[in-house]
Amino acid sequence: MEKMGFKYSWGKFYWDAWLNDINLQSCDLAAQGLWINLIAIMHKSDQIGYLVINGRPMTAVDIAKRVGIRKDRTERLLQKLIDNDVCSVTEEGVLYCRRIVREQKRRNQNTNYNDFELRYKKNDNQLKNKKISSGYRDKNQGEQNVINFSSLYENITNEIQNIDILSNMEPTKGDIKGKDENFYGASGSRLPSNWYPDAQCRQFAFDLDLCPETLAEDFRDYWHAKVGKEAIKMDWSAAWRRWCRIANQWRKTTSKLTDEKKKNLELCSTF
């Protein structure tokens, strides 16, 4: 396995956030210990905040070798972290930390802004130096510039007075609504108490070889027990489809790990 150095030698750690995180404190000490190791690995990952190594997602075998525990125990601890919503999983099955990803995105935005500010200051200084090196204009030329500027100002003032302000400021129907209202159209809500997947949602689960009844029970229990702003969604059908895709991805990953375990047992039995 390729050895990688830390992209950042240190990082912010919020002690209160760690101790007051209900989801994290619901896990046992073994799962919490694995999570702090995964946070360190994510800081030196190819994609900061994601469990990616050499351009591919880290498997349970890779994590077990890196932290020094058995693969089956690693799988159980990872499942605890996912079930308690301590971490998130992409559609490709990549584990990631939401806080690290947000901080890295903010860091990239600040870097781009600082680069732009430096370029702007450099161009501004070059313009000032150019003006200073060009020397002073004579008095007659300066007086002529003042005259030209005053005549130009009078022309602009006359044009402004001739503008029909009321006709140009007449609002259109699209401008009456706010920008957010035009974009979103509605606010979110919690999962209704009588929610059940409709025919399209059930068919989506069937297409992924999943049982909609079993998924619906987990889906309802999870989101009814969830608190905070993350429990508010605008489209619960979309949330259901994402839930199905993640379940399908983890089913495939678990089946692959199970097949590898069977092969190892068969190989050991031959000796």
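Predicted model: local features only at pLDDT ≥ 70, side-chain atom pairs only at ≥ 80, totals over all residues.

Tutor: Cys 211 is partly exposed, because its relative accessible area of 39% lies between the cut-offs of 20% and 50%. A contrasting case is Cys 97, whose relative accessible area is 8%; Cys 97 is therefore classed as buried, the limit being under 20%. The structure holds zero disulfides. Cys 97 accordingly takes part in none, and the nearest cysteine sulfur to it, that of Cys 87, lies 8.4 Å away. A disulfide is assigned here only to sulfur atoms within 2.5 Å.

Helix α12 spans residues 212–225. This helix supplies three residues of a negative surface patch, the largest share of that patch. The members of the patch are Asp 83, Glu 217, Asp 218 and Asp 221. Of these, Asp 221 is located in helix α12, and it counts as exposed because its relative accessibility is 54%, the threshold being over 50%.

There is also a patch of positive charge on the surface, where Lys 12, Arg 99, Arg 102, Arg 106, Arg 107 and Lys 229 gather. Two of its members can be described individually. Arg 102 belongs to helix α6, which covers residues 98–133. With a relative accessible area of 46%, Arg 102 is partly exposed. Lys 12, by contrast, is situated in the segment before α1 (15–19), and its relative accessibility of 59% means that it counts as exposed. Between Lys 12 and Glu 103 there are 91 residues of separation in sequence, whereas their C-alpha atoms are 9.6 Å apart in space.

Helix α4 comprises residues 60–67, and among its residues Ala 60, Asp 62, Ile 63 and Ala 64 are buried. An α-helix has 3.6 residues a turn, so residues three or four places apart point the same way. Just after α4 comes Gly 68, which adopts a positive phi of about 80°.

How values were computed
Residues numbered from 1 in each chain as written. Heavy atoms only, no water. Patch = residues over 30% accessible without salt bridge, like charges linked within 9 Å, V, L, I, M, F, W, Y side chains within 5 Å. Areas by Shrake-Rupley, 256 points an atom, 1.4 Å probe, with all protein chains shown as cover. Salt bridge = Lys/Arg side-chain N within 4 Å of Asp/Glu carboxyl O. Lys, Arg positive; Asp, Glu negative; His and termini not counted. Charge placed at Lys NZ, Arg CZ, Asp CG, Glu CD. Helix = DSSP H or I, 4+ residues; strand = E, 2+ residues; numbered from the N terminus. Buried < 20%, exposed > 50% of the residue type's maximum accessible area, 1.4 Å probe, protein only.
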